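Notebook open, viewer running. I'm jotting down what I look up as I go.

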Amino acid sequence: MDRTLSETPKGTPVGAVHELIERDFLYIGGEWVKPENGRTTDVIYPFTEEPIGRAALAGPSDVDRAVRAARAAFDDGPWSRTTPAERAAILRRAGEGIEARMEELIRLTTLEVGSPIQGVGPQVAVAKIFLDWHADQADTYPWEEERPGIFSSLLVRREPVGVVGAIVPWNFPLGLTMPKLCPALLTGCTVVLKPPEETPLYAFVLAEIFEEAGLPPGVLNVVPADRTVSEELVKHPLIDKISFTGSTHVGSRIGSICGEQIKRFALELGGKSAAIIVEDADLETVIPKLAPETMRNSGQRCINQTRVLAPRGQYDAVVEALAATISAFPVGTRPNERRSSARSSAKRSASASRATLHPAPNKGPGWSSEEAGRPTWNAAISSSRRSSPTSTTA
Amino acid sequence: MTIAQEEIFGPVVAVIPYDGEDEAIGIANDSAYGLAGSVWSADPDRARSLARRVRSGNMGVNQAMLELGGPFGGFKGSGLGREYGVEGIDGYVELQQVTSPASEPLTSELRD
């Protein structure tokens, strides 16, 4: 039975959502298992904060079980002893699985992340492209190199790093899972995937896709978890490598833990990227291309060009053009409409940035100017999940 | 200023004036982060020269998009390690050297 989400505060209906998506089982060791104490978390459509589903949430014993399943799958095989070509074949089949369930994944990601839909379609399409690209590398990657040594005959081999804990953020959950999962599986690693507790639903679909593609039990395990339980994954002695994408604050914590244990780790963290406009640039060409890159995914993208550097002589022209372009960005609520800005999970992002914001609710949308030496803001990001696009002079 | 230094993770952009290329590079690099960036110019060679001076892992010239076939990652506080590209695969392997006396050359098992 269809259920219609209520009107948003702006009076715009978001449209019908099918029955609540219920995912009460974790994927561990090739089996769908209840989490300890049957824990679940509500998954919401962030724009209205209405529930769209429910997902199993792992506790410490579930994480331990998942790590042990991955460890056994790595140590006892067969996955870590298959050939690159055999693993590539599984990746390709998973890519076909993504393609077959593309509409479902797009809809799911749009709903649970609240992303503008035009960014979600490419994210899902790229997942398949990325699987195929990695499968292609099986033939060319230098798995073993014969080299003349200085004193000996030398073979340089590349062995899988082992059991990987992959921790993924909520802003591009599928998109940021693939650059961990694809190389890990191609090289023969096994994986405990910890999707974000806010947006875990995509990961269950991914597990089903890999299961159907013939991935052996225990090679991929899916355990959504909160931060406290996630730390159990980071600390777990049977994990060989942690790959984390998220905030610099949490990344630093993960690095400390891994450092103590001589555990391998990779961190993809925050940014404050500068776009330098050179004085010979044609603003009419540049601004329409640059403006969307300053705040894609409602500003919730690590590589957004959040500082625009303008030659002083053209400063006013840049601010004016940027403000005009950004003011025209559509801000919407319908899961299926094109828009630039939909969600700000401000509860998280504001606390992560530790930014002090000064709301100026009487200002119109668009941009705000410096007043009395302090910036003013037209979007009270700290108090609302819905943020209007804002530019500011600094 | 907070807005020009910290990651806000919302739809907010700071516009900062500069005098001359050196100051532009100075401002771009005055950050605890080094993840991405871009240079926009009618002269791509000039833009590329500027891009090389920014301490950041991912620079665009007249665009600001990632090439997923190449290594992606951050300088400075933006991270450690690289994802995507062949270098992204390198992150999931341990290197092992197997040796034998120079008179007994080793050959790969994977070689046909």
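I started at A:E145, whose bridge partner in strand 9 of chain A is A:V156. Strand 8 (residues 144-148) and strand 9 of chain A run antiparallel and are joined by 5 bridges. Together, strand 8 and strand 9 of chain A make a hairpin with 3 residues between them. For my own reference, two strands count as paired if DSSP finds at least two bridges between them, and the pairing goes through backbone hydrogen bonds, either parallel or antiparallel. Elements are DSSP runs numbered from the N terminus: helices are H or I with at least four residues, strands are E with at least two.

Housekeeping, before I forget: this is a predicted model, where local features need pLDDT of at least 70, side-chain atom pairs count only at pLDDT 80 or more, and totals for chains, interfaces and linings use all residues. Residues are numbered from 1 along each chain as its sequence is written, while chains are lettered from A and ligands numbered from 1 in the order in which they are written.

**Across to chain B**

Which strand of chain B does strand 9 of chain A pair with? I found strand 9 (residues 152-160) of chain A pairing with strand 7 of chain B, antiparallel, over 9 bridges. I checked two positions: A:R158 has B:L95 as its bridge partner, and A:S153 stands opposite B:S100.

Then I looked at the whole contact, which takes 88 residues from chain A and 72 residues from chain B. Contact here means C-beta atoms, placed from the backbone, within 7 Å. On the chain B side, the elements giving two or more residues include helix 1 (2-5), strand 1 (12-18), helix 3 (44-52) and strand 7 (93-101). Strand 7 of chain B gives the most to that side, with 9 residues. By class, the chain B side has 40 nonpolar, 24 polar and 8 charged residues. The classes: Ala, Val, Leu, Ile, Met, Phe, Trp, Tyr, Cys and Pro are nonpolar, Asp, Glu, Lys and Arg are charged, and the others, Gly among them, are polar.

**Helix pairs in chain A**

Next I took helix 4 (residues 117-140) and helix 5 (residues 173-187) of chain A, whose axes come within 10 Å and cross at roughly 15°. Axes are lines fitted to C-alpha atoms, for helices over the stretch in contact, and angles run from 0 to 180 degrees between N-to-C directions. Helix 4 and helix 5 of chain A are therefore roughly parallel, the label for angles under 35 degrees. Helix 4 of chain A passes helix 5 of chain A in a right-handed crossing, that is, with the near helix turned clockwise from the far one by less than a right angle. Among the residues that meet are A:F130 and A:L131 in helix 4 of chain A, and A:M178 and A:L186 in helix 5 of chain A. This contact has 11 nonpolar, 4 polar and no charged residues.

A:P60, A:V63 and A:V67 in helix 1 of chain A meet A:V229, A:E232 and A:L233 in helix 7 of chain A. Those residues split into 5 nonpolar, no polar and 1 charged.

I then traced an open sheet of 3 strands in chain A, in the order 3-7-6, with mixed pairing. Strand 3 (21-23) and strand 6 (40-45) of chain A stand at the edges with a single partner strand each, so one side of each has no neighbour in the sheet. Neighbouring strands are turned by 25° against each other on average, direction ignored. Strand 3 of chain A pairs in the parallel sense with strand 7 (residues 50-56) of chain A over 3 bridges, and A:R23 stands opposite A:A55. Helix 6 (residues 201-212) of chain A packs on this sheet, touching strand 3, strand 6 and strand 7 of chain A, its direction making about 65° with that of strand 3 of chain A.

I picked A:A321, in helix 10 (residues 315-327) of chain A. Its count is 19 C-beta neighbours inside 10 Å, so A:A321 is partly exposed; 20 or more other C-beta atoms (placed from the backbone) within 10 Å would be buried, 12 or fewer exposed.

Technical notes: Two residues are in contact if their C-beta atoms, placed from the backbone, lie within 7 Å. Angles under 35 degrees count as roughly parallel, over 145 as roughly antiparallel, 65 to 115 as roughly perpendicular and the rest as oblique.
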